[in-house]
Amino acid sequence: MKPEELERLNQSPFMKACRRLPAPHTPVWLLRQAGRYMAEYREVRAKVSFLELCKTPELAAEVTVTAARRLGVDAAIIFSDILVVLEPLGMELEFTKGEGPVLHNPIREAADVQPLREVVAAESLGFVFDAIRLTRRELPGHLPLIGFSGAPFTLAAYAIEGGSSRNFDLTKAFMYRHPGAWGDLMGKLSRAVAEYLNGQIAAGAQAVQLFDSWVGCLSPSDYREYVFPYTSQIIRQLKPGVPVLHFGVGTGMLLEVMREAGGDVIGLDFHVELDEAWRRLDGVAVQGNLDPVCLLAEREFVLRRARRVLDQAGGRPGHIFNLGHGVLPPTTVDNVIALVEYVHEQSARPSRG
Ligand code: 1CP
């Protein structure tokens, strides 16, 4: 990319907020902003399976760019899934209708870890890097592109449970019973994730988000013992200067230790009050945290709740408006567009100088 193009991206409201610099308005984007609630997405999905979509760079780029343009958001996130990184380790991944992700050969015994392969991202995940290169070319020049990966705990949880879970009992039992194998598994995942994210940065992502979606099932002391060494190591290995966003659900008790593990921006879910959470997170930017269910209510209610989030952020530099978790399928696109416009209008600040 040319230096003037990079500079333009660096001056965008999203990149400024990541660095806690004042921006002309509060930047906004939405977790899972490209997805089933959008007719354009459903049209593409009618023709290909979810994994095929992820693995076809032209289609992944199209879905990414269409969502960002239609919604008028301040950043795009590359269309993919956190679970694609599990395949090259040797996990058999399938997205089944209605049931969500399934891993057909879950890790259940300590001995299941050793056969997992080391991931060479450029070989096995090149389709994501290609999708990023294509998307970067097609996206409006002022819009940053976010790359992402699952964080090692959440990836290990899917690998061990074999799919979604409510309480992650199998994952935690594995962690407690086989600390050595747990370390080996987390080590393999961490090496894969660091290389994968650096590859996304090299391909053209301006920022990266680590989704530790389900780490909220751990206590702070378990987080410190079983997760912290790996997540913090990944973040230290990422290309310096590229903002890292670090997010999980139900992490109200973990915010300080997650912040210590790393990230320029901590993602807040909808269980916490943004103002209180931010007070505890001195020295970082925050992203969040409107409850996605609010978008299923009437317009007035959505905007009232958005107002509350903006009030809690108080116009301080370093707030990225987002949902506290992903957009739900029954959401109407009109409500999302109204939300984005409202955040822009209400947070507009006269430029200084
Ligand atoms: O078309 C379909 O039926 C597939 C639905 C779908 C979509 C649109 C899945 C399956 N993944 C995605 C895309 C996706 N996943 C994105 C795209 C970019 C965007 O935001 O626009 C991203 C960032 C993800 C990340 C992801 N996948 C997370 C982390 C975010 C979160 O929600 O906490 C997780 C946990 C997943 C796993 C996953 N993939 C798909 C589903 C339904 C799930 C969740 C299953 C579960 O609840 O355990």
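Author: What follows takes some labels one by one and sets each against its cut-off. The model is a predicted one.

Reader: Why is cysteine 18 called buried?

Author: Buried means under 20% relative accessible area. Cysteine 18 has 4%, so it is buried.

Reader: What makes cysteine 294 buried?

Author: The cut-off is again 20%. The value for cysteine 294 is 6%, which is under it, so the label applies.

Reader: What does arginine 259 touch, leaving out residues up to four places away in sequence?

Author: Arginine 259 touches Ile266, Leu281, Asp282 and Val284. Contact here means heavy atoms within 4.5 Å. As for serine 232, which is 27 residues apart from arginine 259 along the chain, the two C-alpha atoms are separated by 9.5 Å.

Reader: Is glutamine 312 buried or exposed?

Author: Glutamine 312 has a relative accessible area of 14%, and since buried means under 20%, it is buried. Its place is in helix H15, residues 299–313. With residues up to four places away in sequence not counted, glutamine 312 touches Glu273, Leu274 and Asp275.

Reader: How do you know that the reach of helix H7 is close to what is expected?

Author: Helix H7, residues 126–138, has 13 residues. The expected span is 1.5 Å times one less than the number of residues. For H7 that is given as 18 Å, and the helix reaches 18 Å from its first C-alpha to its last.

Reader: Which residues of H7 are buried, and what covers them?

Author: The buried residues of H7 are Gly126, Phe127, Val128, Phe129, Ala131, Ile132, Leu134, Thr135 and Arg136. Their cover includes helices H1, H4, H5, H6 and H10, and strand E4.

Reader: What makes a space a pocket and not a cavity?

Author: In a cavity a 1.4 Å probe fits but cannot get out, whereas a pocket is an open set. The largest pocket holds about 1300 Å³ of space. Its lining has 42 residues, and Arg32, Phe50, Asp81, Phe95 and Pro101 lie nearest its centre. By class, 24 are nonpolar, eleven polar and seven charged. Strand E2 gives the most to this lining, with three residues.

Reader: What is the volume of the second largest pocket, and what lines it?

Author: The second largest pocket has a volume of about 270 Å³. Among its 13 lining residues, Leu6, Ala205, Gln206, Lys239 and Val242 are closest to the centre. H1 supplies the largest share, three residues.

Reader: How many cavities of 30 Å³ or more are there?

Author: The count is one. About 40 Å³ of space lies in the largest cavity. The residues that line it include Ala17, Leu21, His25, Arg316 and Arg349. Its lining divides into five nonpolar, four polar and two charged residues.

How values were computed. Residues are numbered from 1 along each chain as its sequence is written. This is a predicted model: local features need pLDDT of at least 70, side-chain atom pairs count only at pLDDT 80 or more; totals for chains, interfaces and linings use all residues. Side-chain values use heavy atoms; hydrogens and water are left out. Buried means under 20% relative accessible area, exposed over 50%, partly exposed in between (1.4 Å probe, protein chains only). Helices (H or I, at least four residues) and strands (E, at least two) are DSSP runs, numbered from the N terminus. On a 1 Å grid over the protein atoms alone, a cavity is a set of points where a 1.4 Å probe fits but cannot get out, and a pocket is an open set with protein on both sides within 12 Å along at least five of seven lines; lining residues have an atom within 4 Å of a point. Grid points are joined across faces, edges and corners, and a volume is the space filled by probe spheres set on the points. Ala, Val, Leu, Ile, Met, Phe, Trp, Tyr, Cys and Pro count as nonpolar, Asp, Glu, Lys and Arg as charged, and the others, Gly among them, as polar.
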